[in-house]
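Please read them with the structure open.

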Amino acid sequence: SVNSLRTSGFHVQPNASSFDFSYVKSKKEYEEVLQLRYQAYQSSGKLDPSIGPEFMKDEFDIRARILIVKIHGRIVGSARAMFYEANEKTSHENYLTYPSWFPKSTECLEVSRVCVDPAFRGVGLARELAKHIALLTLKSGRKYCYLSAQETLAQFWMDLGYKDSGVTYLHKWLGGLEHRLLINNIEESILGRGISPKNWAN
């Protein structure tokens with residue numbers, strides 16, 4: 001793993017060309033994603049010990065586009081993308097109420113269940129996932145992308161152009177941790193508006 005190489009003193013440089021992006025297309029891949037979610041959340045201390053991998057799925061998975069990234073055939077990263085029609089309940093509405101100014105669901109791509117294999121953190125996977133999420137938003141003809149992140153990860157997304165909506169909630173099955181609702185105008189971010197030159201160049 002990347003972590004073991006670093007422990008041995010090797011410098012590991014991110015190489016985006018080694019990342020193979022696609023979407024879940026089989027039951028086997030879906031089950032691997034559930035296991036990845038479980039490992040990623042458990043290693044971050046988000047899960048109660050009584051929770052198993054079977055709790056990593058919900059009713060939204062069946063109609064989502066589940067983005068996956070593989071390295072040498074192994075799924076090491078994933079994110080769930082949802083497109084809603086007017087008046088459809090979103091997965092975030094299980095936890096919060098959107099502010100009055102929030103864009104219509106038909107203008108947005110909702111992202112959730114973002115996870116990276118603990119053994120492959122620190123090689124740029126999350127940033128590459130964010131790039132593909134932005135491209136998917138544009139290709140779908142939608143203007144905004146939103147997600148929620150706990151305090152320790154919110155700044156990572158804000159560096160990529162996401163804005164704090166001012167809405168927070170306690171995630172009832174992720175250790176009761178406080179999460180922030182973040183939203184990004186993807187077109188503005190692609191143009192580098194509101195992003196530091198360093199982060200935009202990357």
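1. E32 and K28 form a salt bridge, with 2.5 Å between the closest N and O atoms. The model is a predicted one. Both residues sit in helix α2, which spans residues 27-43. They are four residues apart there, so about one helical turn separates them. K28 counts as exposed, with a relative accessible area of 57%.

2. E29 and K70 meet through their side chains in a salt bridge, at 2.9 Å from N to O. E29 belongs to helix α2 and K70 to strand β2 (residues 65-71), so this pair ties together parts 41 residues apart in sequence. Are these two residues buried or exposed? E29 is buried, and K70 is buried as well.

3. D61 and R37 are both buried. The contact is also part of something wider. Salt bridges with shared partners join R37, D58, D61, R80 and R113 into one network. How many salt bridges does a search of the whole structure find? The count is eleven.

4. Now the aromatic side chains. The structure holds seven aromatic pairs. One of them is Y95 with Y169. The ring centres are 5.5 Å apart and the planes meet at 15 degrees, so this pair is stacked. Y95 lies in the loop between β3 and β4, while Y169 lies in strand β6; the pair links distant parts of the chain, 74 residues apart. Y95 is partly exposed, with a relative accessible area of 22%. Y169 has 7% relative accessibility and counts as buried.

5. Y98 and F102 make another stacked aromatic pair. Here the centres are 4.9 Å apart, with 15 degrees between the planes. F102 counts as buried, at 10% relative accessibility. The ring pairs extend beyond these two residues. Y98, W101, F102 and Y146 are linked by ring pairs into a cluster.

6. In β5, Y146 is the bridge partner of E110. The chain goes from β4 through α3 to β5, and this β-α-β crossover is right-handed. Strands β4 and β5 pair in the parallel sense, over three bridges. On its other pairing, β4 (residues 108-116) is joined to β3 (residues 74-82) by five bridges,. β3 and β4 run antiparallel. G77 has V116 in β4 as its bridge partner. How many of the nine residues of β4 are buried? Eight are, so the strand is mostly covered, with buried meaning under 20% relative accessible area.

7. Strand β7 (residues 178-185) takes part in two antiparallel pairings to look at. Seven bridges join β7 to β5 (residues 144-150). Within that pairing, A149 has R180 in β7 as its bridge partner. Five bridges join β7 to β6 (residues 163-170). Y169 stands opposite H179 in β7. That is the Y169 whose ring stacks with Y95.

8. Last, the surface. Which residues form a nonpolar patch there? They are L135, L138 and I190, with about 240 Å² of accessible area together. L138 is found in helix α3, residues 125-139. L138 counts as partly exposed, at 34% relative accessibility. Helix α3 is also the helix of the right-handed crossover from β4 to β5.

Technical notes. Residues numbered from 1 in each chain as written. Predicted model: local features only at pLDDT ≥ 70, side-chain atom pairs only at ≥ 80, totals over all residues. Heavy atoms only, no water. Patch = residues over 30% accessible without salt bridge, like charges linked within 9 Å, V, L, I, M, F, W, Y side chains within 5 Å. Areas by Shrake-Rupley, 256 points an atom, 1.4 Å probe, with all protein chains shown as cover. Salt bridge = Lys/Arg side-chain N within 4 Å of Asp/Glu carboxyl O. Buried < 20%, exposed > 50% of the residue type's maximum accessible area, 1.4 Å probe, protein only. Pairing = 2+ DSSP bridges. Right-handed = clockwise from strand over helix to strand, strands pointing away. Phe/Tyr/Trp six-rings, centres within 6.5 Å; stacked < 30°, edge-to-face > 60°.
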